[in-house]
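Hello,

Here is the structure I promised to pass on to you. Please have a look at it first, and then read my notes below.

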Amino acid sequence: MIRKLLVATVGTALMSGACATTPTAQEGSSTAQQGSSTPAQEDTHPMPASPPAPTAQVENPLLARWTGPHGGVPAFDKVKVEHFKPALEAAMEQNRREIATIADSPAAPTFENTIAAMEGTARTYGDVRTFFGIWSSTMNGPEFQAIEREMAPRLAAFADEITQNEKLFRRIEAVYSSPEKAKLTAEQQRLTWVRYTDFVRAGAKLDTAAKKRMGEINQRLASLYTSFSQNVLADEEQYAVILEAETDLAGLPESVRAGAAAAAEARGQKGKWAITNTRSSMEPFLTYSSRRDLREKVWRNYVNRGDNGDARDNNVIISEVLKLRAERAKLLGYATHAHWRLENTMAKSPERAMSLMEAVWTPAVARVREEVADMQAIANKEGAKFKVAPWDYRYYSEKVRKAKYDLDQNEVKPYLQLDKLREGMFWVAGELFGFLFEPVEGVPVYHPDVRVWEVKDKASGRHIGLWYFDPYARQGKRSGAWMNAYRRQERFNGEVTTIVSNNSNFVKGKPGEPVLISWEDAETLFHEFGHALHGLNSQVTYPTLSGTAVARDYVEFPSQLLEHWLPTPEVLNRFALHHQTGKPVPPDLLARINKAATFNQGFATVEYLASALVDMKLHLAGDQKIDADVFERDTLKSLGMPEEIVMRHRTPQFGHVFAGDGYSAGYYSYLWSDTLTADAYEAFTEGKGAYDRTVADRLRKSVFSVGNTVDPAEGYRSFRGKDAGIDALMRKRGFPVPKKAK
Ligand SMILES: [Zn+2]
């Protein structure tokens, strides 16, 4: 499945979307991170937790040391929006002094006094950025947005100030180039390489004039990213289709009606129904509404976000972003922004990413033709006098699902209780990794919806970490789902355990009633939990290399992999229980769910890949002036995009790509990771099945526990004994396996 989820790193805001589209991602320089909040995680290097706070600032809770057992917890209950600016300023100042101490040291540069010493810096700054990211993505509002607009370019400038510190870079370079490096441990050598390449990639080797220009570009980009995401958010909040009469609700199930009624009431239109301009509102409406005219209206609002020719139109912003990115890549000595972005990924080059996408594109489009033919046949039989259009796709595909597989999504939903499935995930984590989850009370949270669990080792009772869960949609919280690490596991200066969170946007039920979610939402729940388990399993020394701080096109592998445990009979029989009868999914329904596993994969793959291909081509285009609308139209035409589908994220609303650098030239990552996912799950099915302990142990040892201490391709090989080819991916999606696939 293609996800829109993101994993956020410390100090950054992430996006949500089909795996990413929300707040902003950060570009990470090793020490300071810049960025606004965005979708998607950046493979940035986090800063670890709490240093002592300067006494003068102690009254600011963002600067205070975290207190409590196991290294303490964030004092979320004390945070106010007015704390952010002074805390960021004080933390930057403190980090500046820490860096100066290392850079100005009279001692000859060594791993310990330079590379390792940097691991001890930016602790307060990292904490403040963590709070900043959480507020940006879950507690946002006009007052906070003003601070984001002001601080985004300043944080970008601060990141450049550190990577452009010549004395510091000369020390890093000296350690990197020294023959002594060969005597370091493998993890230390990897850390040295990461620091060095991060600095070089951020422009540490440029001359003074070029560095100055880099700084200007990065600050301007930070402002443009903030405007881009605030524009999309405004278009999501301001457009809604108001339904006035019962006849407008034709076809909608009770749950969709109730949600629309609540949305209308929240907009002061009690007694009516509102279809808001977000994915979670749009998708069920297009799936169930039999009012074709209204489907078209809802669809048009949604696909035109950021593209309405008004003050919030993003097209001019996009042209400028692309121009600045192309200029920056040139300054750094790369052919294009895509070449720069992909250098340290698993794919390594845009060409390799493109060839994977192209290999999947052709069979996916062929599958769409079959899906459309099936839908058109049903529409014709019902007497429709039209060709299936993009606003018809979800509606008729539901009818095909019923006709072909006798499967109705509304038949499945009563078995999918959020609380029970959460227990199911915990059980899976116990089987695969020996974890035990226990609820804890009294830990401060930023919103009453948030709950906290302690994670322990089942066998020894050892404390592993904390897991925060923020499940419900609310005003000021970006849409989608994501994972975040509030603190990373490390052993740099004593054992530090991790704190991770999962965030989603389920619609809260009435008090006392169970929250029922869709099958796709249940997959998302497992997906984000996979990111959390990646963080919780971490066993590394240096925080920069910890947990999910891995290459962008590798980070979705553990999360997509976890999705595979949802449909296992062990989970469904024990945890997918009917909310009224308490009975598990009947075997006959389970069989139909499994039989329909690859249903609609043409649509899912094409809507995702169209976005990924346009993203890559935009960033391979070099410094030509780009009109986003024209480029998108021409590119899709040349790809042979089926006219019944639109991109999952059209360019003017593509937060993964334009609300930060995070997933720019990187939306392909979900497909790249999914080749690993599909192949890795076959290691279980080739063995004793989904709960094969031997395979799970190997997975933990080579993948989930190592963070970025080893090259991902090597880590994967040591798990699987071979590289992942494309075959398993094609099987997973139900596409023909190429004859000589590699
Ligand atoms: Zn994800």
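**A cavity and a zinc site**

The second largest cavity holds about 140 Å³ of space. A cavity here is a set of points on a 1 Å grid over the protein atoms alone where a 1.4 Å probe fits but cannot get out; its volume is the space filled by probe spheres set on the points, which are joined across faces, edges and corners. This is a predicted model, in which local features need pLDDT of at least 70 and side-chain atom pairs 80 or more, while totals for chains, interfaces and linings use all residues. Residues are numbered from 1 along each chain as its sequence is written, and side-chain values use heavy atoms, without hydrogens or water.

Now to the zinc ion. Its protein donors are His527 (NE2), His531 (NE2) and Glu556 (OE), at 2.0 to 2.1 Å; donors are N, O and S atoms within 2.8 Å of the metal (3.2 Å for Na, K and Ca), and sites may look incomplete because water is not among the atoms. His527 sits in helix 17 (residues 519-536) and Glu556 in helix 18 (residues 552-562), so this pair ties together parts 29 residues apart in sequence. Both His527 and Glu556 are buried, meaning under 20% relative accessible area (1.4 Å probe, protein chains only).

Best wishes

Notes
Helices (H or I, at least four residues) and strands (E, at least two) are DSSP runs, numbered from the N terminus. Buried means under 20% relative accessible area, exposed over 50%, partly exposed in between (1.4 Å probe, protein chains only). On a 1 Å grid over the protein atoms alone, a cavity is a set of points where a 1.4 Å probe fits but cannot get out, and a pocket is an open set with protein on both sides within 12 Å along at least five of seven lines; lining residues have an atom within 4 Å of a point.
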